[in-house]
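Me: I have a model open and some labels I want to understand. Can we go through them one by one?

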Amino acid sequence: TTAGTVELPEVEREMAELWLQLIYSGSIECSLEEALDIYRLCHMYQMVSLLSRLEQGFISKLSQETVLVLYSAIELFSEALKGSVMGYLREHAAELFHSDRSGWLKLAQSEMLAILSDDHLPL
């Protein structure tokens, strides 16, 4: 029987395990991409306190290696996290554009154009 079973067809088993670990323990060790997947789940299920905790983690780990990955998911974020990501981009624009590690060339064309059209970007 399926009594007592919860099915989440849109969630892979590994993500569900990390998500449950975050729910029950309050912390997880995972890659940025996995954390973004969990963020999307929390967003989908409107888990506001977990969204806030994940956003704090994202902000604390902003770097050349993470900022453009986070920018790619910016449509999901709160205004505070959007502001932090954009602030980091503006402050470190020259370093990011000249770095092989930033992932600049992996951005979608629309994302790249949106960044470059920012009036506050010091280019």
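Me: How many disulfides does this model have, and how do you know?
Reply: The model is predicted, and the count comes to zero disulfides. A pair needs its cysteine sulfur atoms within 2.5 Å. The sulfur of Cys30 has its closest cysteine sulfur in Cys42, 11 Å away, so that is too far for a bond.

Me: What is a disulfide, in general?
Reply: A covalent bond between the sulfur atoms of two cysteines.

Me: Why is Cys42 called buried?
Reply: Buried means under 20% relative accessible area. Cys42 has 0%, so Cys42 is buried.

Me: What makes Cys30 partly exposed?
Reply: Partly exposed lies between the 20% limit for buried and the 50% limit for exposed. Cys30 has 30% relative accessibility, so Cys30 counts as partly exposed.

Me: Why are helix α1 and helix α2 called roughly perpendicular?
Reply: Their axes come within 10 Å and cross at roughly 70°. Angles of 65 to 115 degrees count as roughly perpendicular. Therefore α1 is roughly perpendicular to α2.

Me: Which residues make that contact?
Reply: From α1, Met15, Leu18, Trp19 and Leu22. From α2, Glu34, Asp37, Ile38, Leu41 and Cys42. They divide into seven nonpolar, no polar and two charged.

Me: What does Ile38 touch?
Reply: Leaving out residues up to four places away in sequence, Ile38 touches Met15, Leu18, Trp19, Leu22, Ile28 and Leu54.

Me: Which residues touch the most other members of the largest nonpolar core?
Reply: Ile38, Phe58, Phe77, Val85 and Leu89, out of 38 residues. Helix α2 gives the most to this core, with seven residues.

Note on methods
Residues are numbered from 1 along each chain as its sequence is written. This is a predicted model: local features need pLDDT of at least 70, side-chain atom pairs count only at pLDDT 80 or more; totals for chains, interfaces and linings use all residues. Side-chain values use heavy atoms; hydrogens and water are left out. Axes are lines fitted to C-alpha atoms, for helices over the stretch in contact, and angles run from 0 to 180 degrees between N-to-C directions. Helices (H or I, at least four residues) and strands (E, at least two) are DSSP runs, numbered from the N terminus. Angles under 35 degrees count as roughly parallel, over 145 as roughly antiparallel, 65 to 115 as roughly perpendicular and the rest as oblique. Contact means heavy atoms within 4.5 Å. Ala, Val, Leu, Ile, Met, Phe, Trp, Tyr, Cys and Pro count as nonpolar, Asp, Glu, Lys and Arg as charged, and the others, Gly among them, as polar. Buried means under 20% relative accessible area, exposed over 50%, partly exposed in between (1.4 Å probe, protein chains only). A nonpolar core is a set of buried Ala, Val, Leu, Ile, Met, Phe, Trp, Tyr and Cys residues joined through side-chain atoms within 4.5 Å.
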